Amino acid sequence: MTNDKDIILHVEHLTKMFGRNKTTARELLENGRSKEEILKRTGVTVAVDDISFDVERGKIFTLIGLSGSGKSTVVRCLNKLHPATSGKIFFEGRDIEEFSKQELLEFRRSKMSMVFQSFGLMSHRDVLSNVAFGLEIRGVKKAEREEKAMEMINMVGLSGWERKSIDNLSGGMRQRVGIARALTNDPDILLMDEPFSALDPLVRHDMQFELLSIQEKLNKTVVFITHDINEAFKLGNTVAIMRDGRIIQIDTPEGMSSNPA
């Protein structure tokens, strides 16, 4: 692990397979067999294959790849929604595999928040109670959680909309609600899985700008998944390119432009 940088997340030799016959699949993988051959012979899908990377605190780390490259699986391993098949993930120096059930719950509730492409909002609630939902689960008193939620609603440019139902909102506004909800929990890391890909180009451009200005104000660490190279280069301090479950290059956007793998 590098010592001169403040590394909040350290991933080493992460592999994730789906299916039963993982032992045989691993032997085939070690013998250089392709993912297609392993799937055909064992029924096991190798989603992520021996990847390592570091995420610096307060920076945006973008992970780019085509559909099926394994990038979304990586994000779900980071908060243990998918337990890793092998390899280690360290959060602030601690192996998340060693977290107790309670520690893992706390980790997901207050250390890492996730923003999905599909927004994941509750249509029977208004904007304010959607944004305050995470704090409600944690048992924070109503006045306090609504005050915190309003702060984030203002930050994402939705003041005046807090009492509106989700159904009245456009796609871009719903994504702002999703971001505000994730930020209300005050997480150390924001995991964003292709959050803007369903939006039209102009709204998407606005949301990218919004994310950069929020990140500047709050100094959050962001792991951002995308299949759009322009988005990856625009947002990322560091960019990692994935193909077939492997990382083929990690660099700054500038470094990648001048020395593409």
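Analyst: Let's start with a rule: a charge sits over a ring if NZ of Lys or CZ of Arg is within 6 Å of the ring centre and within 35 degrees of the ring normal. Keep in mind that this is a predicted model.

User: Okay, which ring does the charged end of Lys164 sit over?

Analyst: That of Trp161, with the charged end 6.0 Å from the ring's centre. There's also Lys16, which lies over the face of Phe18 at 4.9 Å from the ring centre.

User: And ring against ring, how is a pair of aromatic rings described?

Analyst: You give the distance of the centres and the angle of the planes. Here, rings pair if their centres lie within 6.5 Å, and by that rule the count comes to four aromatic pairs. One of them is Phe53 with Phe61, which is stacked: 4.8 Å centre to centre and 15° between the planes. Phe53 counts as buried because its relative accessibility is 4%, and Phe61 is buried too, at 2%. Phe99 and Phe107, by contrast, pair edge-to-face, with 5.3 Å between centres and 75° between planes. Both Phe99 and Phe107 are buried. Ring pairs also link Phe91, Phe99 and Phe107 into a cluster.

User: Now helices. Why do residues three or four places apart point the same way?

Analyst: Because an α-helix has 3.6 residues a turn. Take α9: its buried residues are Arg204, Met207, Gln208, Glu210, Leu211, Ile214 and Gln215. They cover an arc of only 165° around the axis, so they sit on the same side of α9. Exposed on the other side are Leu202, Phe209, Glu216 and Lys217.

User: What do the buried residues of α9 pack against?

Analyst: Quite a list: β3 (60–64), α7 (142–155), α8 (171–184), β7 (189–193), β8 (221–226) and α10 (229–235).

User: How far apart are the end C-alpha atoms of α9?

Analyst: They are 26 Å apart, which agrees with the 26 Å that its 18 residues (201–218) should span at 1.5 Å a residue. Just after α9, Asn219 takes a positive phi of about 55°.

Note on methods: Residues numbered from 1 in each chain as written. Predicted model: local features only at pLDDT ≥ 70, side-chain atom pairs only at ≥ 80, totals over all residues. Heavy atoms only, no water. Helix = DSSP H or I, 4+ residues; strand = E, 2+ residues; numbered from the N terminus. Expected span 1.5 Å × (residues − 1). Buried < 20%, exposed > 50% of the residue type's maximum accessible area, 1.4 Å probe, protein only. Arc of directions from axis to C-beta. Contact = heavy atoms within 4.5 Å. Phe/Tyr/Trp six-rings, centres within 6.5 Å; stacked < 30°, edge-to-face > 60°.
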